[in-house]
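Welcome! Here is a short tour of one protein model, meant for someone meeting it for the first time. Please have a look at the sequence and the structure before reading on.

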Amino acid sequence: MTSPELVGLAISYALSITGLLSGLLYAVAETEQEFIAVERINQYCQLETEVNADGSADPPFGWPSQGVVVFENVSMRYREHLPCSIKSIDISVKPCERLSLVGRTGSGKTSVLSALLRVAPLDKGTITVDFVNIATLPLDVLRSRIALISQDPFLFTGTIRENLDPRAVHIDSEIWEAITCCLASPLIQSLGGLDAKLEGGGNNLSAGQKQLLCLTRALLKKSKIVLIDEGTANLDLESESAVQLILKNAFRGRTVIMVAHRLNGTLDTDTVLVMQNGTIAEQGAPRELASQTASMFHAMLQEQQG
């Protein structure tokens with residue numbers, strides 16, 4: 001007959017074996033995830049370099065100093081087998097001008113920004129910034145001189161200071177000046193100052209608060225050209241109004257090219273371009289186009305307001 005002592009010993013060993021097996025399964029699963037991460041890093045290491053990534057010339061000192069952007073007969077496609085996303089477009093942006101790009105989904109709005117950042121090589125045409133052909137510049141130089149604010153704000157785990165000034169090149173007074181200009185002082189103070197911690201992706205902030213921090217970072221970068229890709233699409237009306245006010249005042253001395261989903265925010269910009277099938281179908285002062293009942297911009301505005 002089995003004694004109670006042996007039964008207790010068997011149960012004790014069975015429980016410990018169960019724990020060991022659970023730990024083994026966890027280790028196997030964790031190892032599999034690590035191998036996937038290594039495989040992904042290996043794929044990134046084998047990616048082809050972008051076209052003319054090193055460039056053939058350096059820009060002049062202090063470039064860009066004016067913010068003049070000119071597209072001349074520009075066509076671009078993302079892949080060789082795909083149709084052109086923008087087709088033979090001509091755009092001329094003056095210094096400190098605020099330009100809005102509007103149109104239906106797939107009309108080529110974001111592709112204009114992609115062409116300016118050389119996400120894909122041009123099929124034809126040239127793009128110049130302050131009279132320098134951007135195709136001749138090293139990619140890291142080009143992209144470091146242009147500020148980009150995307151639809152999905154990018155914030156990482158770390159302090160507010162690290163998110164606003166990742167390279168640690170600004171003193172506190174400069175950071176606070178940018179924060180004040182972007183109406184973010186109450187937010188930063190409520191979080192505990194510049195050394196307050198942010199969760200990954202800014203999960204402890206609302207969409208509007210995250211966008212305020214991204215605007216502050218763009219202003220602190222002091223880029224003469226600011227690109228905004230539907231930066232207010234995910235915001236409520238109050239947050240959108242705050243962002244539009246910041247763009248009007250804090251970025252007054254910058255050239256701003258904005259892809260807009262909500263058309264009401266474009267009425268205070270200098271020029272609006274209506275994109276259709278990769279071409280510019282209409283352009284002009286937004287309030288003038290809005291008053292013309294036969295214009296595409298007027299029809300789109302009425303559709304959103306209705």
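Which residue forms a salt bridge with Lys222? The model shown here is a predicted one, and in it the partner of Lys222 is Glu174, with 3.9 Å between the closest N and O atoms.

Lys222 counts as exposed, at 54% relative accessibility. Glu174 counts as partly exposed, at 27%.

The model has seven salt bridges in total. One of them joins the side chains of Asp123 and Arg77, at 2.7 Å from N to O. Asp123 is part of strand S4 (residues 122-129), and Arg77 is in the loop between strand S1 (69-76) and strand S2 (86-93), so this pair ties together parts 46 residues apart in sequence. Asp123 is partly exposed, with a relative accessible area of 41%, and Arg77 is also partly exposed, at 23%.

Glu303 and Arg104 form another salt bridge, and their closest N and O atoms are 3.0 Å apart. Here the two ends are 199 residues apart: Glu303 lies in helix H10, and Arg104 in the loop between S3 and helix H2 (109-116). Arg104 is partly exposed, at 48% relative accessibility. There is also a network, in which salt bridges that share partners join Arg161, Asp172 and Asp195.

## The buried side of H10

Helix H10 (residues 296-305) has buried residues too: Phe297, His298, Met300 and Leu301. Why are they on the same side of H10? They cover an arc of only 165 degrees around the axis, and that places them on one side. In an α-helix there are 3.6 residues a turn, so residues three or four places apart point the same way.

What do these residues pack against? The buried residues of H10 pack against strand S3 (98-103), strand S11 (271-276), strand S12 (279-284) and helix H9 (286-291).

Leu6, Leu9, Tyr13, Ile17, Leu21, Leu24 and Val28 make a nonpolar surface patch of about 700 Å². Val28 is found in helix H1 (residues 4-45), and this residue is partly exposed, with a relative accessible area of 48%.

Notes. Residues are numbered from 1 along each chain as its sequence is written. This is a predicted model: local features need pLDDT of at least 70, side-chain atom pairs count only at pLDDT 80 or more; totals for chains, interfaces and linings use all residues. Side-chain values use heavy atoms; hydrogens and water are left out. Patches are made of residues with over 30% relative accessible area and no salt bridge: like charges are joined within 9 Å, nonpolar side chains (Val, Leu, Ile, Met, Phe, Trp, Tyr) within 5 Å. Accessible areas come from the Shrake-Rupley method with a 1.4 Å probe; for residues, only the protein chains shown count as cover. A salt bridge is a side-chain nitrogen of Lys or Arg within 4 Å of a carboxyl oxygen of Asp or Glu. Helices (H or I, at least four residues) and strands (E, at least two) are DSSP runs, numbered from the N terminus. Buried means under 20% relative accessible area, exposed over 50%, partly exposed in between (1.4 Å probe, protein chains only). The arc is that of the directions from the helix axis to the C-beta atoms. Contact means heavy atoms within 4.5 Å.
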